[in-house]
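Please examine the sequence and the model before reading on.

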Amino acid sequence: MSTPTPTPRSRILGTGHYAPARVVTNVDLEKVVDTSDAWITDRTGIRRRHLAADGETTSDMAAAAARHALEAAGLSVADLDMIIVGTISGDTPVPSCAVHVQQKLGAEEIPAFDISAACAGFLYGMTIADQFIATGTATCVLVIGVELLSRLVNWEDRTTCVLFGDGAGAVVLGPARGDGRGILSTCLFSDGALSTSLIVPAGGTAEPATPEGLAGKRNKVHMVGQDIFRSAIKNLTSASTLALKASGLRSAELDWVVAHQANLRIITQVSARLGFPLEKFVLNIEEYGNTSSASIPIALDEAVRDGRIQPNQSVLLCALGAGLSWGAALVRM
Ligand SMILES: CC(C)(COP(=O)(O)OP(=O)(O)OC[C@H]1O[C@@H](n2cnc3c(N)ncnc32)[C@H](O)[C@@H]1OP(=O)(O)O)[C@@H](O)C(=O)NCCC(=O)NCCS
């Protein structure tokens, strides 16, 4: 028996993204660490990444993406009643990145807060926004995924520094209009058992930053890549299957998948396990690398703007990252 299609409570009114102008190729990285264009391309699918300029901040990128999303929605900052930012690389440990974005946008005294769910941060933020709109507490929510990981990686560690890029993506969510368009389902998960597989060990209260810790790069990203790789394939597949089932749609009715862009081999295996063709996955990992929480909204915005994703089409979103935290959502655009 199939699940009935739920009535969406919120819908995407506009999308936007921002990528820094500075492009660093794999060949450029050959001069930084012991790596090669062939290794990075074969093992990850990444060819280039955009890195923030000196002095450019996380909130600068987030505000730029937000302005594009507001413009696409035909709305102004004054229409917003909440700002949610998914990030693990905010401008300052305290306060949130969201309040820096609020200030830069010139928004009113609306709630603005961060979500720390790493690469799943955008999906977590979108799910929270959907709940606020469903209860009628909010009617226009800006959800941003933004990361400036180039300042959080160890540029002497070839196993991590080649993977990440900087950027921001945003959506504006508002109430659904009863025409079937909107967020049909979401599901979120976390598993702290693998918390050390992708971690910035120092700089928090457990291990305050010390001169020795800084010298040992304990304040930078440490990753056991193969743990994440295996978990990503398994959990992205299971969460996507759940979100699809909860949406009441059959996989044949799915138009696009926008998966977190961490590794083309992960996406290829998820495509095979879901039995959904790779041609229907929006791919931009080649251009941006892994932009963590920004990756889904950047890919979504690109596909909306270039006309691949059309109104009324159904789009599956899925992401997994540090935590581990992961999830999936089904949206009728
Ligand atoms: C990181 C990742 C690309 C590594 O690929 P892999 O196939 O697992 O590679 P391994 O870690 O087994 O390393 C294989 C070899 O390549 C080497 N290597 C690692 N990085 C390299 C690089 N940038 N250039 C050249 N060689 C590299 C390793 O040292 C190892 O060498 P060895 O066999 O002599 O020990 C892969 O594990 C991955 O994508 N994991 C998930 C990452 C992720 O999604 N992280 C973010 C969460 S959103």
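The questions and answers below concern a predicted model.

Q: Into which domains is the chain divided, and how far apart do their C-alpha centres lie?
A: The chain of this predicted model is divided into two parts, domain 1 (10-175) and domain 2 (182-332). Between the C-alpha centres of domain 1 and domain 2, the distance is 14 Å.

Q: How many residues of domain 2 are in contact with domain 1, and what is the area buried between them?
A: On the side of domain 1, 53 residues take part, and they are in contact with 46 residues of domain 2. Carbon and sulfur atoms give 61% of the area buried between domain 1 and domain 2, and that area is about 3900 Å².

Q: Which three residues supply more of the area that domain 1 buries against domain 2 than any other three?
A: The area buried between the two domains is about 3900 Å². Of the area that domain 1 buries against domain 2, 17% is supplied by three residues, more than by any other three: Cys 119, Leu 123 and Tyr 124.

Q: How many residue pairs are in polar contact between domain 1 and domain 2, and how do the residues on the touching side of domain 1 divide by type?
A: The count of residue pairs in polar contact between the domains is 25. Elements that each supply at least two residues of the touching side of domain 1 include strand S1 (10-18), helix H3 (58-73) and helix H5 (121-134). The residues of that side divide into 22 nonpolar, 19 polar and 12 charged.

Q: With which residues does Arg 48 form salt bridges?
A: The structure holds 12 salt bridges, and the count between domain 1 and domain 2 is three. Glu 286 in helix H10 and Arg 48 in strand S3 are 238 residues apart, so that this pair links distant parts of the chain. The closest N and O atoms are 3.7 Å apart for Glu 286 and 2.8 Å apart for Glu 287. The partners of Arg 48 are therefore Glu 286 and Glu 287, each pair being within the 4 Å limit.

Q: How many residues surround the ligand, and which are the closest?
A: The ligand is surrounded by 23 residues. The closest of them are Thr 35, Arg 43, Arg 158, Gln 226 and Asn 263.

Q: How far does an oxygen atom of the ligand lie from the side chain of Gln 226?
A: A backbone N or O atom of Gly 225 lies 3.0 Å from a nitrogen atom of the ligand. A polar side-chain atom of Arg 265 is 3.1 Å from an oxygen atom of the ligand. For an N or O atom in the side chain of Gln 226, the distance to an oxygen atom of the ligand is 2.5 Å.

Q: Is the peptide bond from Val 94 to Pro 95 cis or trans?
A: Most peptide bonds are trans. Pro 95 is found in the loop between strand S4 (82-86) and helix H4 (97-105). With omega near 0 degrees, the bond from Val 94 to Pro 95 is cis.

Terms used. Residues are numbered from 1 along each chain as its sequence is written. This is a predicted model: local features need pLDDT of at least 70, side-chain atom pairs count only at pLDDT 80 or more; totals for chains, interfaces and linings use all residues. Side-chain values use heavy atoms; hydrogens and water are left out. Domain bounds come from an automatic or database domain assignment. Contact means heavy atoms within 4.5 Å. Buried area is the accessible area (1.4 Å probe) that two parts lose on being put together, summed over both. A salt bridge is a side-chain nitrogen of Lys or Arg within 4 Å of a carboxyl oxygen of Asp or Glu. A polar contact is a pair of N or O atoms within 3.5 Å; within protein, one must be able to donate a hydrogen and the other to accept it, and residues adjacent in sequence count only if both atoms are side-chain atoms. Helices (H or I, at least four residues) and strands (E, at least two) are DSSP runs, numbered from the N terminus. Ala, Val, Leu, Ile, Met, Phe, Trp, Tyr, Cys and Pro count as nonpolar, Asp, Glu, Lys and Arg as charged, and the others, Gly among them, as polar. A residue is near a molecule or strand if one of its heavy atoms lies within 4 Å of it.
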